[in-house]
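User: Here is the next one for us to go through. Please take me through the terms as we reach them.

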Amino acid sequence: MRAKIRSEKKLPSGSVQITVETAYIEPRPGGSLNITLTANDEQVAAGKVQVSAPLIFSANDCLDIRICLGSPVSLDYDRAPFPFNGKIDKVTVRYTS
């Protein structure tokens, strides 16, 4: 089961800070999540993931930056790799409670 969360409008061009915030609805491995996407502190999309990753990953599934070599995040893509040809200045991953 894959969730599809999309903005109704295009993201701004130029330097943009994108934030993906996840919050457990059911705080357990595999529990459902609320997802909020913001661009430059403005909410651009929100939705629900019915089943989250249960903290078990294969050797080739990880957090890819700039190119996805594993499973596609969306079935809209047909095959790997899925390169991003833009510029990424900084990536910060922060876990909060």
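Analyst: One definition before anything else: helices (H or I, at least four residues) and strands (E, at least two) are DSSP runs, numbered from the N terminus. This is a predicted model, in which local features need pLDDT of at least 70 and side-chain atom pairs count only at pLDDT 80 or more, while totals for chains, interfaces and linings use all residues. Residues are numbered from 1 along each chain as its sequence is written, and side-chain values use heavy atoms, with hydrogens and water left out.

User: Fine. How many helices and strands does the chain have?

Analyst: The chain has zero helices and five strands, so that, given how these runs are numbered from the N terminus, the order of elements reads β-β-β-β-β.

User: And what percentage of the residues counts as buried?

Analyst: Of the 97 residues, 16% are buried, where buried means under 20% relative accessible area, exposed over 50%, and partly exposed in between, with a 1.4 Å probe and protein chains only. The accessible surface of the chain is about 8400 Å², and 52% of that belongs to carbon and sulfur atoms; these areas come from the Shrake-Rupley method with a 1.4 Å probe, and for residues only the protein chains shown count as cover.

User: Which strands form the open sheet, and in what order?

Analyst: Three strands form an open sheet in the order β1-β2-β3, with antiparallel pairing; two strands pair if DSSP finds at least two bridges between them. The edges are β1 and β3, each of which has a single partner strand, so one side of each is left without a neighbour in the sheet. From one strand to the next the twist averages 15°, taken between axes that are lines fitted to C-alpha atoms (for helices over the stretch in contact), with angles from 0 to 180 degrees between N-to-C directions.

User: How many bridges are there between β1 and β2?

Analyst: Seven bridges join β1 (residues 18-24) to β2 in the antiparallel sense, and β2 also pairs with β3 (residues 42-49) in the antiparallel sense over seven bridges.

User: How many residues of β2 are buried overall?

Analyst: Five of the seven residues of β2 are buried, so the strand is mostly covered.

User: Which residues make up the largest nonpolar core, then?

Analyst: The largest nonpolar core has seven residues: L33, I35, L37, A39, V44, A45 and V49. Such a core is a set of buried Ala, Val, Leu, Ile, Met, Phe, Trp, Tyr and Cys residues joined through side-chain atoms within 4.5 Å. Strand β2 supplies the largest share of this core, four residues.

User: Change of topic: where is S32, and which side chain does it have a polar contact with?

Analyst: S32 sits in the loop between β1 and β2, and it is buried, with a relative accessible area of 2%. A polar contact of 3.1 Å joins its side chain to that of E26; the term stands for a pair of N or O atoms within 3.5 Å, where within protein one must be able to donate a hydrogen and the other to accept it, and residues adjacent in sequence count only if both atoms are side-chain atoms.

User: What about the loop between β2 and β3: what is the phi of N40 there?

Analyst: N40, in the loop between β2 and β3, has a positive phi of about 50° although it is not a glycine. D41 lies in that loop too, and has a positive phi of about 70°, again without being a glycine. N40 is partly exposed at 40% relative accessibility, whereas D41 is exposed, with a relative accessible area of 71%.
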